[in-house]
Amino acid sequence: MALLTRRQALIGSLSGGGLLLAGCDRIFQGDALTMSPSFLRVLAAAEGWTRSTQRFLLGGGAMAHEFKASDISAKFKANGTLNPGGEDYDRQVEEGFANWRLRIDGMVTHPLSLSVAELRKLPARSQITRHDCVEGWSAIGGWTGTPLSLLLKAAGVQPGAKYAVFYCADNLDGEPSKGGEQSPGQYYESLALVDAVHPQTIIAYDMNGKPLEVAHGAPLRLRVERQLGYKHAKYVKRIQLVSDFRHISGGHGGYWEDRGYEWYAGI
Amino acid sequence: MTSQDAGSVGLDASKAKRPKAKPEVIYRHAMLVRLTHWVNALTIFVLVGSGLNIFNAHPSLYWGQKGDEYDTPFLALQAFDTPQGPRGMTQVGPFHFDTTGVLGLSRQGGELTPRGWPEWITIPSYTDLADARHWHFFFAWILVINGLVYLAWSFGSRHIEHDIWPTRADLRAIPRSVIDHLKLKHPTGEAAKRYNVLQRLAYLSLILAIAGMVVTGLSMSPGFDAFAPWLPQLFGGRQSARALHFLCASAIVLFIVVHLVEVVLAGPINEVRSMITGRYHVPAEHD
């Protein structure tokens with residue numbers, strides 16, 4: 001796996017290249033510990049503690065705070081892929097996404113394929129929320145879209161399905177500011193059903209009253225307000241219901257998850 | 001000098017035979033205080049190091065709910081290209097300082113790299129938000145559990161009430177204690193058997209600062225915010241909470257610096273030994 005290859009490369013460069021592990025680290029060995037997969041597994045146990053605690057606290061379906069229109073960021077930072085490009089996507093942009101389809105399949109009774117126009121005819125939800133990036137910044141935006149619970153109800157989730165996996169049209173090259181693993185890959189995300197059917201989880205097509213811009217995920221992006229920005233997949237073209245995501249891509253349930261980030265991004 | 005020297009001239013016949021009076025040894029730190037002290041020390045070391053690595057993913061602080069590259073930070077550590085080459089700049093409010101080599105731009109693996117804090121202070125040393133977060137949240141749990149164990153024991157055993165909470169007499173002695181500290185004069189004899197007022201206030205502040213770290217940290221969690229939206233509001237918003245998280249951590253680092261200086265001044269061997277074995281050699285009274 002790419003992650004291990006990079007760790008091995010780093011270990012190689014740090015020991016073989018004779019690079020200086022600075023200051024305290026010589027005594028503390030923080031880098032060596034970080035590069036040890038078994039030690040990282042111990043640290044990663046905290047994700048489970050956090051998830052269980054937050055699931056307990058949010059058990060009653062608590063809602064993310066919604067803001068006033070006057071709170072909306074004048075300019076909202078676009079992150080990750082700013083334009084997926086490619087022949088197919090460029091054509092979709094020219095066509096105003098008239099031929100974009102959102103497929104819902106996998107463990108559902110009635111697989112769906114919906115155009116953006118069809119989604120717009122369905123009952124919608126609008127919410128002004130704060131977008132919290134894992135990097136630390138926040139921006140406030142207004143979003144309108146179809147509640148995912150509505151779509152899942154229409155598709156009929158089969159018993160045994162546990163996760164919704166979101167497949168996106170963008171291939172991301174990483175984000176240097178984050179450091180760590182930066183290998184390119186197809187963007188995807190996944191949510192537990194409890195988050196997928198939360199009232200504020202919507203497939204958004206409008207941002208601040210206007211159709212989504214390309215940089216913000218046109219024509220459709222996921223909003224899952226109680227988690228960090230990287231869960232909010234952009235350019236969504238397919239939602240697959242699965243019982244397990246270990247066989248999908250890197251096996252950790254998302255582009256950033258495959259590069260070491262927490263699958264449960266509530267913190 | 002031993003305490004026997006004073007005022008005992010000619011009265012104690014056996015004194016000449018006695019080689020040297022043994023210092024009085026008291027049991028100063030309970031097992032639980034010692035244990036939670038060292039767990040806390042390691043935990044804060046890791047949390048500061050990994051926290052600064054996380055900070056480096058977006059080395060700017062804002063006030064309010066929101067803040068990104070389109071907003072004006074009140075503190076930022078950034079690299080800029082100048083005619084003289086890339087420079088690391090620290091922005092505090094309207095002021096800019098060239099901090100090349102340390103803040104904003106410093107060597108990572110030997111090469112000048114844009115990064116808020118330098119590699120010798122972050123955990124891991126290289127920029128890696130994902131792994132720094134794993135370190136941070138694992139040890140954040142340890143900090144909370146360790147802190148709760150300490151507080152439960154300290155309230156239950158009245159350690160807080162007896163040893164930490166300042167008495168009225170303590171508060172009246174603040175000016176005196178400040179002067180003593182400035183003169184680097186440390187309590188001896190009976191006075192050394194209890195925490196002086198500045199110690200009490202410093203330890204109380206540390207407890208409050210750690211509680212502050214936890215609540216400002218939780219305010220940054222979008223999940224926790226859905227549970228308690230009033231919490232980030234209390235601090236003026238999520239970005240204010242992030243800024244206060246950083247400022248509170250700075251206060252803790254300042255505490256640690258002063259704490260370590262005091263340990264060295266008060267007799268490092270005795271002080272460190274007492275925090276390991278619990279036994280403290282009471283400094284004899286001066287003449």
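This is a predicted model: local features need pLDDT of at least 70, side-chain atom pairs count only at pLDDT 80 or more; totals for chains, interfaces and linings use all residues.
View 1. Chain B is divided into domain 1, which spans 23-56 + 122-287, and domain 2, which spans 59-121. Taken over C-alpha atoms, the centres of domain 1 and domain 2 of chain B are separated by 29 Å. Where the two domains of chain B meet, domain 1 contributes 16 residues to the contact and domain 2 contributes 16 residues.

**View 2. The side of domain 1 of chain B that touches domain 2 of chain B.** At least two residues of this side are supplied by each of two helices of chain B, α1 (31-55) and α9 (238-266). The largest share, six residues, comes from α9(B). By residue class, this side of domain 1 comprises five nonpolar, nine polar and two charged residues.

**View 3. The packing of helices α6(B) and α9(B).** Helix α6 of chain B, residues 197-219, packs against α9(B) at an angle of about 150°, and the axes of the two helices lie 9 Å apart. Angles over 145 degrees count as roughly antiparallel, and α6(B) and α9(B) are therefore roughly antiparallel to each other. The crossing of these two helices is left-handed.

**View 4. Residues at the contact of α6(B) with α9(B).** From α6(B), the contact includes B:Ala202, B:Leu206, B:Ala209 and B:Met213, as well as B:Gly212 and B:Thr216. Among the residues that α9(B) brings to the contact are B:Arg238, B:Leu244, B:His245, B:Cys248, B:Ile252 and B:Phe255. The residues of this contact divide into eleven nonpolar, five polar and one charged.

Methods
Residues are numbered from 1 along each chain as its sequence is written. Chains are lettered from A and ligands numbered from 1 in the order in which they are written. Domain bounds come from an automatic or database domain assignment. Two residues are in contact if their C-beta atoms, placed from the backbone, lie within 7 Å. Helices (H or I, at least four residues) and strands (E, at least two) are DSSP runs, numbered from the N terminus. Ala, Val, Leu, Ile, Met, Phe, Trp, Tyr, Cys and Pro count as nonpolar, Asp, Glu, Lys and Arg as charged, and the others, Gly among them, as polar. Axes are lines fitted to C-alpha atoms, for helices over the stretch in contact, and angles run from 0 to 180 degrees between N-to-C directions. Angles under 35 degrees count as roughly parallel, over 145 as roughly antiparallel, 65 to 115 as roughly perpendicular and the rest as oblique. A crossing is left-handed if the near helix is turned anticlockwise from the far one by less than a right angle, and right-handed if clockwise.
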